[in-house]
Amino acid sequence: MAKSKKRPMPGDVKKHKGITPASMIAQNDRVEAMLLEEEQQEELQEMPAEETAEKAVETEDRKETDAEKEEMYTLLRRLMDDMGATSLSALSRMIDEAEMQKLVRSYGFDEQSAKMFLAQQEKVRALREAEAKAAREAIYAEMKGDPLYDDVDGHKTAMEAFIFRTGVSPREAYNALFGEARFHRLRKDMEAEKTAAEKKAKSIPALSGGDAPDKQGQIKLSEAERWAAKRAGITPEEYIKYKYAY
């Protein structure tokens, strides 16, 4: 009687094919990543064109910031390797020691005087950085009250990195990174408001013929309203008419 072959156990079959728990987990991770990417692509396709463009700008900004961080990290690791430092604190001590020796050799300081001088310089540097940060925070607070920059809080991280790299002001950083997208968003909002006001104005007899309220001549537009009227491409009189349509 022929000897029947022993059927392999399911686990043996998987092992023979190179399937292990680790490989199964890795495969599941790859599948989940692919599904997530497909969902993100579908969301982008469903977005209006302007929102998609804005999302793309934000994604590029994040990529640029991440690339800069990676470059700084690489340079820092190279410096640590060159100096034989095993940690950031060790690197800081080595730099302090090198600066102290330079003062001793080049300017005739003794070690104690050199240490005191470097400590004083560090305090001055920290004070200047604190003052610069306080000045930027004051500008951020002022920008937040401006309709053009009222979303500044959500962009401060990217702006700080840009300011550190280029030395520009917070407003210049915002305009360089987000100004164009912000302008398109504001223009879209103003166009929508203008359309709504026109529709409502037509439904009010007193305004349908272009007449404004009696007190129109006594009203002055604020700076923000004049800016909005200019951006919307309408006259101050038209802006007041739309304003009273509400």
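**Figure 1. The whole chain and its contacts.** Of the contacts in the protein with a separation of 6 or more, 42% join residues 24 or more positions apart; contact here means heavy atoms within 4.5 Å. This is a predicted model, where local features need pLDDT of at least 70 and side-chain atom pairs pLDDT 80 or more, while totals for chains, interfaces and linings use all residues. Residues are numbered from 1 along each chain as its sequence is written, and side-chain values use heavy atoms, with hydrogens and water left out. You will find ten helices and zero strands (DSSP runs of H or I, at least four residues, and of E, at least two, numbered from the N terminus). Buried residues, those under 20% relative accessible area with a 1.4 Å probe and protein chains only, make up 17% of the 246 residues.

**Figure 2. Helix α5 meets helix α6.** Here α5 (residues 111-144) packs with α6 (residues 156-166) at about 135 degrees, their axes 13 Å apart. Axes are lines fitted to C-alpha atoms over the stretch in contact, and angles run from 0 to 180 degrees between N-to-C directions. That angle makes α5 oblique to α6, a class left over once angles under 35 (roughly parallel), over 145 (roughly antiparallel) and 65 to 115 degrees (roughly perpendicular) are set aside. From α5, Arg 136, Glu 137, Tyr 140 and Met 143 make the contact; from α6, Lys 156, Met 159, Glu 160 and Ile 163 do.

**Figure 3. A close look at Arg 182.** Look for Arg 182 in helix α7 (residues 170-202). Arg 182 counts as buried because its relative accessibility is 8%. Leaving aside residues up to four places away in sequence, Arg 182 touches Pro 147, Leu 148, Asp 150, Asp 151 and Tyr 174.

Terms used: Buried means under 20% relative accessible area, exposed over 50%, partly exposed in between (1.4 Å probe, protein chains only).
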